[in-house]
Amino acid sequence: MTPGTTGLSGAAETQEEWRGWRQAMRDALYGPEGFYRARPEGPVGHFRTSVHASPLFAGAVARLLCRVDAALGHPAPLDFVDMAAGRGELVTGVLAALPADVAARTRAYAVEVAARPEGLDRRVRWLAEPPAGVTGLLFANEWLDNVPVEVAEVDAAGVVRRVLVRADGAERLGEPVAGAEAAWLARWWPPAGEEGRRAEIGLPRDEAWASAVATLDAGLAVAADYAHTAAARPSFGTLTGFRQGRETEPVPDGSCDITAHVALDACAAAHTARCTPGHAPLDALMRPQREALHALGVTGARPPLALASTDPAAYVRALASASQAAELTAPGGLGDFLWLLQPVGAVDAAALLVDVADHEEQ
């Protein structure tokens, strides 16, 4: 359906059938029969994240947690919070990759709306909301892109209006965007005057991220996601769906994932705005995933060919690892994800992403 057309007429058109995308996404993803609650196969049955691509990703996050641990003076306990934990794949991998002495001090949390999966490591505390008073690392891999947002579109008169949607995916334009949402668009993503231009209003994501970072007493919060910044906003938005590994139309009926890329610079500023006056926050960083993972030891370098002769089994393992690392850092793919690193307390985010060899020498 072309945005801006009704698709209904007369008595068949009721107020209840048309909703803003934020409410439609919330129900379709997190309602009682929503995508993240009711589907037993879990997210991995529909899309592939960095966590699913390779255990190297969990290993890199474990290495980052160890660096945060050192920066904090090796606290006991040390917290690791896995936001939007899915079926607990990342937190499980991180615990397995930690050195024994660090793992012994680590309190692990998985934050997810779905029920706790059977067989999950008993050390993992399963929560619906992030815990307060965290000292350590909060890691949000592909969380913010699923925080529901309104979609706005420019009409024929140049007015920016909310996009309304039915459960079958049909759309029409609603009322003009106003208030805090209009202010957010004006600051972060002002749509050009051309009819049909779109933007996703990221205000709920800013608030969600600031709330998550506020749970840290000291440490680092990281968001890794599909993202963009003010220098390169997409002209027609990014709202889309995923079903059984394929991109599809975003239909808010619970049958598919619904996602939109994140205005990550706005999220970073939202935490800064919440800080106590007179207490300047430490500098946040944004880095492409490939750079962050390279600094954490995931390089994708192929093993020397000579190893194939001296230790063929080791060569095959190293080759498989290099292939997985290449996928995690590939341009045009997972490597283009952005990482937002938001420090809290006496933690220098830039120092945490020095080259792994240099870091181990310090």
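Trainee: In which loop is Pro-77 found?

Mentor: Pro-77 is found in the loop between H4 and strand E2 (78–83). Helices (H or I, at least four residues) and strands (E, at least two) are DSSP runs, numbered from the N terminus. The peptide bond from Ala-76 to Pro-77 is cis, with omega near 5°. Please note that this is a predicted model, in which local features need pLDDT of at least 70 and side-chain atom pairs count only at pLDDT 80 or more, while totals for chains, interfaces and linings use all residues. Residues are numbered from 1 along each chain as its sequence is written, and side-chain values use heavy atoms, with hydrogens and water left out.

Trainee: Are Ala-84 and Glu-142 buried, partly exposed or exposed?

Mentor: The terms rest on relative accessible area: buried means under 20%, exposed over 50%, and partly exposed in between (1.4 Å probe, protein chains only). Ala-84 is partly exposed, at 30%, whereas Glu-142 is buried, at 8%. Gly-158, in the loop between strand E6 (150–154) and strand E7 (160–165), has 39% relative accessibility and therefore counts as partly exposed.

Trainee: How does one read the sides of a helix, and which residues of helix H1 (residues 21–30) are buried?

Mentor: An α-helix has 3.6 residues a turn, so residues three or four places apart point the same way. In H1, the buried residues include Trp-21, Ala-24, Met-25, Ala-28 and Leu-29. These cover an arc of only 110° around the axis, which puts them on the same side of H1. The arc is that of the directions from the helix axis to the C-beta atoms.

Trainee: Which residues are buried and which are exposed in H7?

Mentor: In helix H7 (residues 179–188), Trp-184, Leu-185 and Trp-188 are buried. Their arc around the axis is only 95°, so they lie on the same side of H7. On the other side of H7, Gly-179, Ala-186 and Arg-187 are exposed.

Trainee: How are aromatic pairs described, and how many are there?

Mentor: A pair of aromatic rings is described by the distance of the centres and the angle of the planes. Rings of Phe, Tyr and Trp (its six-membered ring) pair if their centres lie within 6.5 Å; planes under 30 degrees apart count as stacked, over 60 as edge-to-face and the rest as tilted. The count comes to 6 aromatic pairs. The centres of the Phe-35 and Tyr-36 rings are 5.1 Å apart and their planes stand at 85°, so this pair is edge-to-face. Phe-57 and Trp-339 have ring centres 6.2 Å apart and planes at 80°, so that pair too is edge-to-face. Phe-57 lies in helix H4 (residues 55–71) and Trp-339 in strand E17 (residues 338–344), so the pair ties together parts that are 282 residues apart in sequence. Both Phe-57 and Trp-339 are buried. Tyr-30, Phe-35 and Tyr-36 form one aromatic cluster.

Trainee: Which residues touch the most other members of the largest nonpolar core?

Mentor: In soluble globular proteins, nonpolar side chains tend to be buried together. A nonpolar core is a set of buried Ala, Val, Leu, Ile, Met, Phe, Trp, Tyr and Cys residues joined through side-chain atoms within 4.5 Å. Of the 45 residues in the largest core, Phe-139 and Trp-339 touch the most other members. H4 provides the largest share of this core, 8 residues. A second, separate core of 24 residues includes Tyr-109, Trp-209, Leu-264 and Leu-338.

Trainee: In what order do the strands of the open sheet stand?

Mentor: Two strands pair if DSSP finds at least two bridges between them. Here 3 strands form an open sheet in the order E13-E12-E14, with antiparallel pairing. The edge strands, strand E13 (246–248) and strand E14 (257–259), each pair on one side only.
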